[in-house]
Amino acid sequence: MTQSSDMTALVEELAAHGLRLRGGFAPVPATDAALLALRPDTKSVVLVGNVGSEMWQRSKAAILGTGQPHPLDRWTRDVLTPIAAAHGGAALFPFDGPPYWPFQRWAERAEGVRNSPIGIQIHPEFGLWHAYRAALLLPGELDLPDPQWRGHPCDTCVERPCLLACPVGAFTGARYEVDHCVDHVVSTRQNDQACFQRGCLARIACPVGAVWRYEPEHATFHMDAFVTARLAARKDRNRYGMLT
């Protein structure tokens, strides 16, 4: 049974936090065995995420108020776990793991997005300025919109400005040289024209969805979180290397 009223209520609850329903799908036993093993009553998998800086504008104070570490992840869990429970379901998050849930594959099923040359999934309207924050496993058969299987923007992009804009050539189209990226961002932290203050220059160079670019403060927040996480991972990697 379709539950349109539940869908409307869910959209309104998410909007109060600057979040959006990002499509969804009905689970398939052969493909979603792990998901159904966790919640056998799941009839709808609904992806939740942000578009542009709507989430930051609406919930900045609440996000920062959760404190360190990982304020966005903590806020996301605090907000979406009770929303899922209120609809009789559960919430899964991309930061839970390892093992990690296949959010990129779920996004392809829900919205038809595909990877860009710099690895971020590109949306035909929002470009690179969006993200998926959670998946809600719900027992009702919601009236989910069909995926918009539009053309992949990168297929017709000849110049590929995203691959040319990185100051250290971290993106080759085949791989991402993350250490080069992090070292550059850290070394230019005080430069208001560089990646740390403005956001990833390769991401900014993409012309698709430019009106949805993150506001500078929002972009800096994400860049700071990215650098902090990568430096911590590098430290752990180096420590492990010394032990072996």
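Which residues do ring pairs link into a cluster? The points below take up this question and the other aromatic contacts.

1. Basis of the note. This is a predicted model, in which local features need pLDDT of at least 70 and side-chain atom pairs count only at pLDDT 80 or more, while totals for chains, interfaces and linings use all residues. Residues are numbered from 1 along each chain as its sequence is written, and side-chain values use heavy atoms, with hydrogens and water left out.

2. The cluster. Phe-25, Trp-101, Phe-103 and Trp-106 are linked into a cluster by ring pairs. Rings of Phe, Tyr and Trp (its six-membered ring) pair if their centres lie within 6.5 Å; planes under 30 degrees apart count as stacked, over 60 as edge-to-face and the rest as tilted. The structure holds eight aromatic pairs.

3. An edge-to-face pair. The ring centres of Trp-129 and Tyr-214 are 5.2 Å apart and the planes stand at 70°, so this pair is edge-to-face. Both Trp-129 and Tyr-214 are buried (under 20% relative accessible area, with exposed over 50% and partly exposed in between; 1.4 Å probe, protein chains only).

4. A stacked pair. Phe-171 and Tyr-176 have ring centres 4.8 Å apart and planes at 10°, so they are stacked. Phe-171, at 9% relative accessibility, counts as buried, whereas Tyr-176, at 30%, counts as partly exposed.

5. Charges over rings. The charged end of Arg-109 sits over the ring of Phe-25, 3.9 Å from its centre. Here NZ of Lys or CZ of Arg must be within 6 Å of the ring centre and within 35 degrees of the ring normal. Arg-189 lies over the face of Phe-196, 4.6 Å from the ring centre.
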